[in-house]
Structures are given as C-alpha cells and as structure tokens.
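The following briefing concerns the fold of one protein chain. Please consult the sequence and structure shown here.

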Amino acid sequence: MSKKKDRKKLKKARVALAAGEEGSGVVEKTVQPPPIGSAQQEAPPPIEGPARAMVIMAHPDDAEFVCGGTVAKWCAEGWDVFYVVVTGGDKGTHDEAMHPEKLAAIREEEQRAACRRLGVKECILLGYPDGFTVDEHELRGQIVRLLRLYRPDVVITWDAFRRGFNHRDHRNIGTVTADAIYPLVRDRLFYPRDEEDGLAAHQVNEVLLVGSDDPDYTVDITDHWLTKVDAIVCHASQVGGRTKEDFIKQREEAVAKDGEKPIEEKFRRWSIRRPMRQTKDEEKTDGEVKAPETALERQKPQKATA
Ligand SMILES: [Zn+2]
C-alpha cells in the first residue's frame, strides 16, 4: 500500500474514532458505563454495622475533630474501631519553650486518652515527623500491612483530592491510604512479604473521606456529640484552654440563633461494593480465620498499645 493510501486510511480511522463508529477495521465501538455519580447509578445503601473500621490520620487530634462523633457512634454500636496516626504532631505548638520530642510524647498521651473516651480498640502511632510525610513506597507498605492485619470493612481518611488549601500531611496520608486500599491491599503480589508472614490480601469495602469539597455522605452524631467533645478536650495542648463547658455554651448559642438542628459529620464516600474477599477467605478455611492477635504479636509496631 502506498504511503498516500496509508495516510488516507489512518485519517479515516481517526474520524471513525472521533465519531465512535464501527467497521473502520481499526476502531471497535465500546459501550461506555454511566459516569460515577450519575442518576443512572443507584445510590449505595447506608453503611451499617457493627463492622470493623480503621481511621487513618496524619496527626493526633485530626480524627476527634473531623469524625469523633462517627467513631463514638460506631463504638457505642459495637463496632471494632482502630486508629492509625502517622505523625507525632510534634510541630503543633506556639510555645517557645516546647521541644518536638516532648510535644510528641504529650500528644501521644492525649491521643490515647481520646481513644479511651471514644471506645477505640487500639491506637497505632507510626511516629513520623510532623510536616514531613511523603507519598512513598515504605509508608504505603506500612499502611497495606496494617490493613491486612486488622482487616477493616470501612476506612476513614483524609481527602487528598480537595482543590483548595490543604496540609501536606493530610494530602499525603490521603493519597497513600487511597493507593493502599486500591489496588495494593487487595492484590497479593503487592508487598508479598505480608503473605509470607501469614497476612492474606484484603478488600476494604467502604471509604469515607474527611475534609472533602464535595461531601455526599452524612452521619447524624447528635446523640454522640458530648462524647466527641470529651475526646476533643483530651487534646489539651491543641484546644487553647477551651473546656467542655465552652463547647456546650457555643452550641447553646448556635441553637438559640439558628434553632435546634441535628449535628452532622460529612464525608465523601467511595463505595467499592464488591463481594468481600475476607468472607471468601473465611469460607475457604471453614470459618477458621487467622486471628489478628496472632499476627499482631509479631507485626505490631513498637508504639502500638491500647
Ligand atoms: Zn492534621
């Protein structure tokens, strides 16, 4: 075939591609799925438990402010909730006499106290320096390993994709966690040492993102708001002397001004909605699942204590 004929054929194929036509010999018509979030897609049902959840945050106190009511509600309903806090929050002060190591130790105790108040089962602090997280292989592998170890159905983390101002640690933890959830934790050949250590691949079924531009999922925390406040004031180094009574007074003023409204926490939801791999694993082994505690004794990071 001449070069001229070749060019003519190529041009025809490009036109067909643009028009989505069949029969060019080069292009095959494909059926486009409806866009995510379109009216054609059925809204997923509300997330109901009791289930197993993991809250993966950048700093001590992040979780209490953004999802403390949801955590309190789930714990009250019998969920197993685990925390992973990636940094020590060791830069969060205006106190000129404070040192990073001392602040990290204070904030660790504050975070553990908040977890006890909420009913969180276990709090794992990875101890990275505040403000220096990077979206990288090692941290991603640590998150994958913790997901395979604790096997949560639901994960709450930061929305890395918001358009405006964002803290670099929030952005990086959001990205690392999203990548860990899909596809890394699900596919056994990623981070194969986990499998060698007896940690099977896992699938997270629901992800709730905090700090999102476009929240589409709401949890009514009215009945658990006081527990959330109790947990927030555990972070004494971060609340500028505010007490539980101050939060209650602020709430009463808002009610007096705008009337009684439900108190809500809002999220962007990713619903993966596939059969749970964990269930399949359980069936394969006749219900005998490797207890997280067994692996935990060997795998638990140094600082992980309840
Ligand atoms: Zn933060």
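In β7, W270 is the bridge partner of V207. The strands concerned, β5 (residues 206-210) and β7 (residues 264-271), run antiparallel and are joined by four bridges. This is a predicted model, in which local features need pLDDT of at least 70, side-chain atom pairs count only at pLDDT 80 or more, and totals for chains, interfaces and linings use all residues. Residues are numbered from 1 along each chain as its sequence is written.

**Sheet**
- Seven strands form an open sheet with mixed pairing, in the order β3-β2-β1-β4-β5-β7-β6; two strands pair if DSSP finds at least two bridges between them.
- From one strand to the next, the twist averages 25° (axes are lines fitted to C-alpha atoms, for helices over the stretch in contact, and angles run from 0 to 180 degrees between N-to-C directions).

**Helices on the sheet**
- Helix α3 (residues 100-118) packs on the sheet, where it touches β2 (80-87) and β3, and its direction makes about 160° with that of β3.
- Helix α5 (residues 168-184) also packs on the sheet, touching β1 (52-57), β2, β4 (154-158) and β5, with its direction at about 150° to that of β4.
- Contact requires C-beta atoms, placed from the backbone, to lie within 7 Å.

**Whole protein**
- The secondary structure comprises 10 helices and seven strands, taken as DSSP runs numbered from the N terminus (helices: H or I, at least four residues; strands: E, at least two).
- Among contacts between residues at least 6 apart in sequence, 80% join residues at least 24 apart.

Terms used. Contact = placed C-beta atoms within 7 Å.
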